[in-house]
Amino acid sequence: MLLLAIETSCDETAAAVLGDDLSVLSNIVLSQDAVHAPYGGVVPELASRQHIKSIAPIVRESLTAAGVALEEIDRFAVTQGPGLIGSLLVGLSFAKGLAYYHRKPLVGIDHVQAHIEAVALEQPAFEYPALALIVSGGHTSLYFMKEKLRYELVGRTRDDAAGEALDKIAKFLGLGYPGGPVIQKLGEPGDPARFDFALPRMSDRSLDFSFSGLKTAALRIIRKNGLAKDAVQLPDFLASFESAVVRALLENLFEAAERCDPKTLILCGGVARNQRLRTEFARRSRALGLAAFVPSPKLCTDNAAMVGALAWARIRAGLAGVDTCGPPLDLDAYPRLP
Ligand code: KG4
Ligand code: ZN
């Protein structure tokens, strides 16, 4: 059985073909980074317009790369939300058209849950309960999973997502977009202990995140030290800021691990490409004797293979409603976490 998955929740147009054994026959991602770079962040209307241009060629490319004809596809899957509404609607409408014309079932997929499922593409079996930290440009959330496909939101950001904070500071310094990779690269030779950042604390013992305080502290340090793009102290500053974001993320994750007692920890989403975060996550998990998984970098950022993986898991668990009906043409997009 073959499934074609489509992902257009933000600024990547992506399509993938997967077998029901989770083999990835193709995984094509077209990034719009160059389109949004001059603005230092994603411009929603431009993102929708790019998806409109790219969706058909990317779907075609995913089929060609997989060596599969559209008529051979048994199931379609598409990201339903959360994300930018105009971007989501392009992928959703395109997928509905395909499912309708070919009279095949369509599975609507949650983007954040799909980021978690990316792990299953490389790590088919792990023990539950699991605790997953999803950290990207749009989301910073902690999910406790008592068993597969059961998600309990135990913490989320109250303001910016971690990736958003990295992107905004990079934008302020004129370093380009996306900010995460450039901060990692320029901060690599820097001293992460050179600038002091106080970590945010929730007064109500909640496991929520907050990054606006770190962002304000970063802006204060930039102004006080006259830091600019070519400043000698820039690598130290970027390493210190990145390290503070990593500590804020992991403090919460490991506090949650203490309270929820999971057997497995998962780190995923675009910011999970970050080397400092990956290294610290692995080190602290090992110290606690917990199994810990992070998808390989290309499966951390937005892609359609993760959407396909979750679709197959839901179909297998009988949670997709695909055996009883044809294409669900009333599937709607949702912009935020439901
Ligand atoms: O998951 P993703 O592709 O899109 C969203 O769903 O948001 O994540 C994009 C985010 C951006 O904020 C980008 O700066 C960040 O992931 N990112 C990184 C790295 N690579 C991408 N952040 C830190 N270090 C990286 N190496
Ligand atoms: Zn994402």
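1. An oxygen atom of ligand 1 lies 3.0 Å from a polar backbone atom of G138; a polar contact is a pair of N or O atoms within 3.5 Å. A backbone N or O atom of G180 is likewise placed 3.0 Å from an oxygen atom of ligand 1, and for a polar backbone atom of G270 the distance to an oxygen atom of ligand 1 is 3.1 Å. Taken alone, ligand 1 exposes 560 Å², of which the protein buries 93% (Shrake-Rupley method, 1.4 Å probe).

2. The model is predicted: local features need pLDDT of at least 70 and side-chain atom pairs pLDDT 80 or more, while totals for chains, interfaces and linings use all residues. Residues are numbered from 1 along each chain as its sequence is written, chains are lettered from A and ligands numbered from 1 in the order written, and side-chain values use heavy atoms, without hydrogens and water.

3. Around ligand 1 there are 21 residues, of which G137, G138, D167, G180 and Q184 come nearest (a residue counts if one of its heavy atoms lies within 4 Å). Helices α4 (111-117), α5 (162-172) and α6 (179-187) each supply at least two residues of this shell; the largest share, four residues, comes from α6. Helices are DSSP runs of H or I with at least four residues, and strands are runs of E with at least two.

4. S26 belongs to strand β3 (residues 24-31). S26 is buried, with a relative accessible area of 5% (buried means under 20%, with a 1.4 Å probe and protein chains only). The side chain of S26 reaches the backbone oxygen of S62 at 2.7 Å.

Technical notes: Buried < 20%, exposed > 50% of the residue type's maximum accessible area, 1.4 Å probe, protein only. Polar contact = N/O pair within 3.5 Å; in protein donor to acceptor, adjacent residues only side chain to side chain.
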